[in-house]
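My notebook is open and the viewer is loaded. I will jot down each thing I look up, one entry at a time.

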Amino acid sequence: AQDQLPTFSSRVEAVRVDALVTDGGRPVRGLRAADFEVLDNGVRQTVDFVSAEQLPLNVVFTFDLSGSIVGERLANLREASHAVLDGLKADDQAALVTFDNAVLVGPGLTRDVRLVKAAIDRAEPTGNTSLVDASFAGLMLAEADVGRGLVIVFSDGVDTASWLGSKAVLDVAKRSDAVVYAVSAGLNRRAEFLGDLTDQTGGRLYTIESTRDLRAVFLEVLEEFRQRYL
């Protein structure tokens, strides 16, 4: 028998980068691969492909339903989330994560927005705030299927009940393809964890005094996310 030559395998790995380009706050359209520069530890990387196509979205609502989300706040949160769901396209998917003392996932990613609407309408506030745990669940869920992951986090408080450490979740966020947009309502100071989470994923933190404008904020998030380059 002839000597067998060793067999080697190789592959090329691509890293996906989600980028928003603005000029004076307005999205810039029509850019090509040559218009971008990506550095990894100071070393310029090759940008093979840039897309601005309307790729399917995985929108994961991650909502604080602790005991303070009642009355007008709850009604405005439901209205805002329904508006986003009504703005999704046929190939987009949505999911819901709610949190108080515990984190509840359901329904998972689905194109049937009626299921998500019904779950939001049934949810009732109670207990404390497991913000860090829920953010981790939202990130995982957004990457559970093909598509561009958008996690919309809403909370009116700071974490009081999570098991996971914020640093561990932020480390996961750095490596995630999902982008987190967060809305912090009613806090007199910056929501530090949410600020770090949105910074690490390339999203944005909105700080609002009242939930009356929550519908407009949520729709702005959806519109901006559709303008991003991949």
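**Entry 1: the neighbours of Arg 228**

I started by clicking on Arg 228 and listing what it touches. Leaving out residues up to four places away in sequence, I found Asp 18, Ala 19, Leu 20, Arg 29, Ser 51, Ala 52, Arg 148, Val 179, Tyr 181 and Gly 202. One of these neighbours, Tyr 181, also makes a polar contact with Arg 228, side chain to side chain, at 2.9 Å. I then checked where Arg 228 belongs, and it is in the segment after α6. Is Arg 228 buried or exposed? Its relative accessible area is 2%, so I wrote down "buried".

The average pLDDT of the protein is 93, and 97% of the residues score at least 70. Where is confidence lowest, and where is it highest? The lowest mean, 88, belongs to β2, while strand β6 (residues 93–99) has the highest, 98. I also noted a caution for myself: where pLDDT is low, predicted coordinates should not be read in detail.

**Entry 2: aromatic pairs**

Next I looked for rings that pair up. How many aromatic pairs does the structure hold? I noted 3. Phe 36 and Tyr 229 form one that is edge-to-face, with 5.4 Å from centre to centre and 65° between the planes. This pair links distant parts of the chain, since Phe 36 is in the loop between β2 (26–27) and β3 (39–40) and Tyr 229 is in the segment after α6 (214–226), 193 residues apart. Both Phe 36 and Tyr 229 are buried.

Why does the pair of Phe 63 and Phe 218 count as stacked? Their ring centres are 6.0 Å apart and their planes are at 20°, so I recorded the pair as stacked, the cut-off being planes under 30 degrees apart. Phe 63 lies in strand β5 (residues 57–64) and Phe 218 in helix α6, so this pair ties together parts that are 155 residues apart in sequence. Both of these Phe residues are buried too.

**Entry 3: charges over rings**

I went back to Tyr 229 and found the charged end of Arg 29 over its ring, 5.2 Å from the centre. The charged end of Arg 148 sits over another ring, that of Phe 225, 5.6 Å from its centre. Both Arg 29 and Arg 148 were already in my list of residues that Arg 228 touches.

**Entry 4: strand β5**

How many residues of β5 are buried? I wrote down 8 of its 8. In a regular strand the side chains alternate between the two faces of the sheet. In β5, one side has Leu 57, Val 59, Phe 61 and Phe 63, the other has Asn 58, Val 60, Thr 62 and Asp 64, and both faces are covered.

Then I checked which strands β5 pairs with. It runs parallel to β8, joined by 7 bridges, and Phe 63 has Phe 154 as its bridge partner there. β5 also pairs with β6 in the parallel sense, over 7 bridges, and here Phe 61 partners Leu 96.

Ser 66 lies in the loop between β5 and α1 (72–86). With a relative accessible area of 3%, Ser 66 is buried. Its side chain is joined to that of Asp 64 by a polar contact of 2.7 Å. Among the residues Ser 66 touches are Phe 99, Asp 100, Asn 128 and Asp 156.

**Entry 5: helix α5**

Which residues of helix α5 (residues 192–201) are buried? I listed Phe 193, Leu 194, Gly 195, Leu 197, Thr 198 and Thr 201. Their cover includes α3 (131–142), β8 (148–155), α4 (166–174), β9 (179–185) and β10 (204–208). After α5 comes Gly 202, with a positive phi near 85°.

**Entry 6: two backbone details**

A cis peptide bond joins Gly 106 and Pro 107, with omega about -5°. Pro 107 lies in the loop between β7 (103–105) and α2 (113–122).

Asn 41 is not a glycine, yet its phi is positive, near 55°. I placed Asn 41 in the loop between β3 and β4 (43–44). At 77% relative accessibility, Asn 41 counts as exposed.

Key: Residues numbered from 1 in each chain as written. Predicted model: local features only at pLDDT ≥ 70, side-chain atom pairs only at ≥ 80, totals over all residues. Heavy atoms only, no water. Phe/Tyr/Trp six-rings, centres within 6.5 Å; stacked < 30°, edge-to-face > 60°. Helix = DSSP H or I, 4+ residues; strand = E, 2+ residues; numbered from the N terminus. Buried < 20%, exposed > 50% of the residue type's maximum accessible area, 1.4 Å probe, protein only. Lys NZ or Arg CZ within 6 Å of the ring centre and 35° of its normal. pLDDT = per-residue confidence, 0-100. Polar contact = N/O pair within 3.5 Å; in protein donor to acceptor, adjacent residues only side chain to side chain. Contact = heavy atoms within 4.5 Å. Pairing = 2+ DSSP bridges.
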